[in-house]
Amino acid sequence: MNKKIIGMRSLKTALGVIISVSIANLLNLQSPSMVASATIISLANNMHDSVDKSINRMLATIVGVLMAILFQLLNLVNPITMGLGVLIIIIVCNQFNWSQALVLATIVFIVIMSNSFTSDMELVIYSFNRLLDTFIGASVGLFINFAIAKPKPEYFLIQAYKNAYDTIYHGFKKMVIDNNYKIDSQTLMDSLLDININYNNLRNNNKIAMNAHVDIISVEEINNKFRLVISLILEINDLEFRPKTNEETLALLNNFYQEDLRPLIHKNNLDSIETYTDFYNYELQKIIITLIKIEHNLEKFVAIYGNKDHKKWKF
């Protein structure tokens, strides 16, 4: 399988640097690197994050600039006050959930604190220019995401579905043919977490009408089926001894995996217990039926929202 060397995110980042540095040079700004840094940080995999990051970046930078101006005016410029200022900025950013913005805010604070100024006006102008750097960089990042290369969170969600499905598909098969095999529960939970993160990105984009074409209800149906399958598998994982697999379940398994698992399962049954057989087989059948529904739903979802590479996949 060929792995892409350069993805869309990489191209967007390179383009953002080109545009931001060009604008900085055109406007004769003192710190093109600050403009480029703000652009890179403002780029995100979804528009909601991109807007949020840009706004938070500006607010946090304002805090850093005001803190630096205050310390400079009070002539409190030394290593101790610089460390104290950074600590205050971190506390403020964490308090307002601007944690992703605190790096740039602290850098701007340190840059201003590290310079000497001949007048208060020179300090204010220099500080304003640092704010301008951030504003231009964040604006370039938003422009790229809105106008040039809109993020497609549905693509990331499809990849998360594919990863989770593959983990379940192969792990479940090993479970039914080997009583001693357990799917790693952390891997299952991580798969579900990945789905939830990408689903939230998609839903947040809907709030700003960037993914209004995606049917959120159908996405939630798929997510609920994944949650059901994973919860059932975790229940079986927790069994100290597994009951026997009956003929009805075996027929469903053979049909689902399109291969004869009978010899392996019959061998496995020799080490199985006789109790709770009905409940165990009910759970297995429920998993198989739900996986079939997931396959059907994913095929429809990928056909509508996937790219050409996604449509080559087999579920």
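**Contacts and ring pairs in the predicted model**

Leaving aside residues up to four places away in sequence, Gln72 touches Val77, Ile112, Met113, Asn115, Phe117 and Leu123, where contact means heavy atoms within 4.5 Å. The structure is a predicted model, in which local features need pLDDT of at least 70, side-chain atom pairs count only at pLDDT 80 or more, and totals for chains, interfaces and linings use all residues. Residues are numbered from 1 along each chain as its sequence is written, and side-chain values use heavy atoms, with hydrogens and water left out.

Gln72 belongs to helix α3 (residues 47-73); helices are DSSP runs of H or I with at least four residues, numbered from the N terminus. With a relative accessible area of 15%, Gln72 is buried (buried means under 20% relative accessible area, exposed over 50%, and partly exposed in between, for a 1.4 Å probe and protein chains only). The side chain of Gln72 also reaches the backbone oxygen of Asn115 at 3.0 Å.

Two of the residues touched by Gln72, Ile112 and Met113, are among the buried residues of helix α5. Helix α5 (residues 102-113) has twelve residues and spans 16 Å from its first C-alpha to its last, close to the 16 Å expected at 1.5 Å a residue; the expected span is 1.5 Å times one less than the number of residues.

Ten aromatic pairs were found in a search of the whole structure. Rings of Phe, Tyr and Trp (its six-membered ring) pair if their centres lie within 6.5 Å, and planes under 30 degrees apart count as stacked, over 60 as edge-to-face and the rest as tilted. Phe96 is exposed, at 52% relative accessible area, whereas Trp98 is buried, at 12%.

Tyr161 and Phe226 are also stacked, because their ring centres are 5.5 Å apart and their planes are at 5°. This pair links distant parts of the chain, with Tyr161 in helix α7 (residues 153-177) and Phe226 in helix α9 (residues 216-237), 65 residues apart. Both residues, Tyr161 and Phe226, are buried. Ring pairs join Tyr161 and Phe226 with Phe301 and Tyr305 in a cluster.

Thr245 lies in the loop between α9 and α10 (247-257) and is buried, with a relative accessible area of 8%.

Notes
Polar contact = N/O pair within 3.5 Å; in protein donor to acceptor, adjacent residues only side chain to side chain.
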